[in-house]
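Dear colleague,

Please find below the structure that I am handing over to you. My notes on it follow directly after.

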Amino acid sequence: MVKEQLESRGIRDEAVLSAMRKVERHLFVPSDLVDFAYADRPLPIGHDQTISQPYIVAYMTEVAKLKPGDRVLEIGTGSGYQAAVLAEIVSKVYSVEILEPLAVSAEKRFKSLGYDNVCVKLGDGYKGWEEFAPYEAIIVTAAPPKIPEKLLEQLAIGGRAVMPVGSIYQELYLITRTEGGYNRETLLPVRFVPMVHDKD
Ligand SMILES: C[S@@+](CC[C@H](N)C(=O)[O-])C[C@H]1O[C@@H](n2cnc3c(N)ncnc32)[C@H](O)[C@@H]1O
């Protein structure tokens, strides 16, 4: 997977490649899909949600330019795969998931795999996780129709947010917080599940 899907498409960051080698994707997919765990595509994880394509996980992690001491906020825990990749690189990962069964199963998985540097919160990612802000990086793995300002406020100066934005047509943005505001770069067209709102 790493050689054929990541290195061949230009992923070069050694920390990212090493994390992608180390985290076993078959431990994050439903048991009936284990045979497809290393395929070049997203896979269903139940509740109409997906585990992202390995290349997209690696790409988003690489463009976030992470450093070992960083604290990262992830929105959309899902299976926990992206959070585990982040946890191999940085000191602390805070991950917010809106669907309770996914939050609960991801938390169990982190415990059983020994990821004690990942914290999961059941809640609406549009609110971020204020308590531990600011974050050096924010990775959003569901697509909001427009950039959630509240999330950007939780980014440290110099911090990077990587997020898909859009409804039918989505693009991946890299947003960097500067002293004076935010710089936005459009990276590539993507297709993520929608980032939904809490009922209340
Ligand atoms: C593509 S999946 C995430 C994949 C996940 N990062 C992984 O590695 O398996 C998107 C996730 O975002 C969650 N989600 C959607 N809207 C959300 C919101 N407002 N706040 C938090 N999570 C949300 C979905 O329930 C789903 O689990």
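**Surface and overall form**

The protein chain exposes about 9700 Å², of which carbon and sulfur atoms supply 52%; accessible areas come from the Shrake-Rupley method with a 1.4 Å probe, and for residues only the protein chains shown count as cover. Please note that this is a predicted model, in which local features need pLDDT of at least 70 and side-chain atom pairs count only at pLDDT 80 or more, while totals for chains, interfaces and linings use all residues. Residues are numbered from 1 along each chain as its sequence is written, and side-chain values use heavy atoms, with hydrogens and water left out.

Of the 200 residues, 50% count as buried, where buried means under 20% relative accessible area, exposed over 50%, and partly exposed in between (1.4 Å probe, protein chains only).

Arg160 is found in strand β7 (residues 155-166) and is buried, with a relative accessible area of 9%. A polar atom of its side chain lies 2.8 Å from the backbone oxygen of Ala64, and the side chain of Arg160 also reaches the backbone oxygen of Lys65 at 2.9 Å. Beyond its neighbours within four places in sequence, Arg160 is in contact (heavy atoms within 4.5 Å) with residues including Asp70, Glu136 and Thr176.

Lys65 itself is found in the loop between α3 (54-63) and β3 (71-75). Lys65 is exposed, with a relative accessible area of 52%, and has a positive phi of about 45° although it is not a glycine.

**Further backbone features**

His47, in the loop between β1 (43-46) and β2 (49-51), likewise has a positive phi, near 60°, in a residue other than glycine. At 46% relative accessibility, His47 counts as partly exposed.

The peptide bond from Ala133 to Pro134 is cis, with omega near 5°. Pro134 lies in the loop between β5 (118-122) and β6 (135-140).

Yours sincerely

Key: Helix = DSSP H or I, 4+ residues; strand = E, 2+ residues; numbered from the N terminus. Polar contact = N/O pair within 3.5 Å; in protein donor to acceptor, adjacent residues only side chain to side chain.
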